[in-house]
Amino acid sequence: MTPAVNPPLGLLAELTHRCPLRCPYCSNPLELEQAAQELSAAEWGRVFQEAAELGVLQLHLSGGEPAARRDLEAIAAQASAAGLYSNLITSGVSIDARRLAALVEAGLDHVQLSIQAADAATADRIGGMPGGHGRKLAFARMVREAGLPLTVNAVLHRQNLDSLPAIIDLALDLGATRLELAHVQYHGWAYQNRAALLPSRAQLEAATATIAAARPALRGRLVIDDVAPDYHAQRPKACMGGWGSTVMVVTPSGQALPCHAAAGLPGFTFPNVRSNPLRAIWRDSEAFNRFRGTAWMPEPCRGCDRREEDWGGCRCQAFALTGDATATDPVCALSPHHALLNAALEEAATSDGSFQYREMRRQPASVG
């Protein structure tokens with residue numbers, strides 16, 4: 001079965017891969033794109049217009065660190081002109097009050113601030129930037145003073161998961177209306193650092209209980225979204241809502257992807273927005289259609305009654321773990337490769353917790 005191709009709900013615009021932080025779980029690919037390759041503000045403006053015409057509702061301005069773009073205000077103005085609701089996903093460490101005011105004037109609608117932990121020492125160590133946490137807290141208060149809604153995003157893993165109650169308290173203190181708790185997804189840089197990041201089952205169970213208690217207690221004050229981890233699961237989740245179903249990612253150089261990590265899959269030619277209209281990319285390109293629906297699925301996925309719920313799980317995770325993007329996601333207990341998750345958890349239990357930090361001009365060593 002191939003489902004109807006509905007418009008994407010969101011467009012994730014990766015404006016740049018430049019970033020002052022060095023987070024070891026960064027969702028950017030290992031081969032980071034340089035500034036000379038980046039789309040211009042005018043090119044992004046055309047993409048935004050095409051996105052609006054396609055039916056996109058929300059635009060996420062991301063990176064790297066989008067504030068590394070000197071023309072970020074012009075890009076935000078292009079988003080506003082296209083009629084898209086714009087969300088700036090930022091580390092907050094390099095935006096002062098004057099620049100924030102300029103972004104508000106340009107039409108920015110929302111800010112999503114990333115934090116690495118609740119305390120400065122842990123956060124600065126994970127982010128690889130001394131003093132970064134303090135800058136984030138100051139920026140969060142500037143956002144609230146500017147009248148913009150604020151979401152706090154915390155990427156969860158073994159080295160900060162025990163401080164989850166303090167992270168929730170920090171989001172409240174900063175005046176956030178939403179807290180996104182996203183467990184690390186092990187692709188790219190995070191896969192290189194998997195042993196240092198994978199939490200134990202005991203940590204995960206404690207965190208799940210904390211979230212379950214916090215949601216009703218904070219109803220009306222703070223919405224808590226939770227992106228569950230995979231490695232302790234028995235069934236996969238529909239990655240990005242299903243391949244090519246809800247979100248389109250555009251990289252700094254204009255490559256269009258169905259998810260952050262898809263550029264690392266072999267055998268694909270992903271179209272570029274510089275030479276292809278967004279509508280044609282989304283509806284007609286071979287790359288976006290390859291894993292839509294169920295016809296591509298092997299057994300046991302093809303005969304599974306959950307095949308139109310999880311859509312086969314994550315193709316990038318299947319490739320990372322098995323070397324085969326068409327394989328059953330190893331998260332599934334029915335996968336012949338499910339034992340690979342247990343091996344990864346055993347490796348993490350003996351890790352010393354050291355990171356290979358994300359670096360703009362250095363490739364990390366291979367895992368395994």
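At what angle do helix H1 and helix H2 pack, and how far apart are their axes?

## H1 against H2

H1 (residues 41-54) and H2 (residues 72-81) pack at an angle of about 20°, and their axes are 9 Å apart. Axes here are lines fitted to C-alpha atoms, for helices over the stretch in contact, with angles running from 0 to 180 degrees between N-to-C directions. Helices (H or I, at least four residues) and strands (E, at least two) are DSSP runs numbered from the N terminus. H1 and H2 are therefore roughly parallel to each other; that label goes to angles under 35 degrees, with over 145 counting as roughly antiparallel, 65 to 115 as roughly perpendicular and the rest as oblique.

H1 goes past H2 in a right-handed crossing (right-handed if the near helix is turned clockwise from the far one by less than a right angle, left-handed if anticlockwise). On the H1 side, Ala41, Ala42, Trp44, Gly45, Phe48 and Gln49 meet Ala74, Ile75, Gln78, Ala79 and Ala81 of H2, where contact means heavy atoms within 4.5 Å. Sorted by class, the residues of this H1 and H2 contact are eight nonpolar, three polar and no charged. For the classes, Ala, Val, Leu, Ile, Met, Phe, Trp, Tyr, Cys and Pro are nonpolar, Asp, Glu, Lys and Arg are charged, and the others, Gly among them, are polar.

## What kind of model this is

This is a predicted model, where local features need pLDDT of at least 70 and side-chain atom pairs count only at pLDDT 80 or more, while totals for chains, interfaces and linings use all residues. Residues are numbered from 1 along each chain as its sequence is written, and side-chain values use heavy atoms, with hydrogens and water left out.

## H2 against H3

H2 also packs on H3 (residues 97-106), at an angle of about 20° with the axes 8 Å apart. That makes H2 roughly parallel to H3, and the crossing of this pair is right-handed. Leu72, Glu73, Ala76, Ala77 and Ser80 in H2 touch Arg99, Ala102, Leu103 and Ala106 in H3. The contact of H2 with H3 comes out as six nonpolar, one polar and two charged residues.

## H6 against H9

Further along, the axes of H6 (residues 164-173) and H9 (residues 201-217) come within 10 Å and cross at roughly 35°. Here Leu164, Pro165 and Ile168 from H6 meet Ala207, Thr210, Ile211 and Ala214 from H9. That contact of H6 with H9 has six nonpolar residues, one polar and no charged.

## A salt bridge between loops

The model has 14 salt bridges, each a side-chain nitrogen of Lys or Arg within 4 Å of a carboxyl oxygen of Asp or Glu. One of them joins Glu38 and Arg69, with the closest N and O atoms 3.5 Å apart. Glu38 sits in the loop between S1 (10-14) and H1, and Arg69 in the loop between S2 (58-62) and H2, so the pair ties together parts 31 residues apart in sequence.

Most residues other than glycine have a negative phi, and most peptide bonds are trans. The bond from Gly63 to Gly64 is cis, with omega near 10°, and Gly64 is in the loop between S2 and H2. Glu299 and Pro300 are also joined by a cis peptide bond, omega about 5°; Pro300 belongs to the loop between H11 (286-289) and H12 (307-310).

Met240 isn't a glycine, yet its phi is positive at about 55°. Met240 lies in the loop between S7 (223-227) and S8 (247-250).
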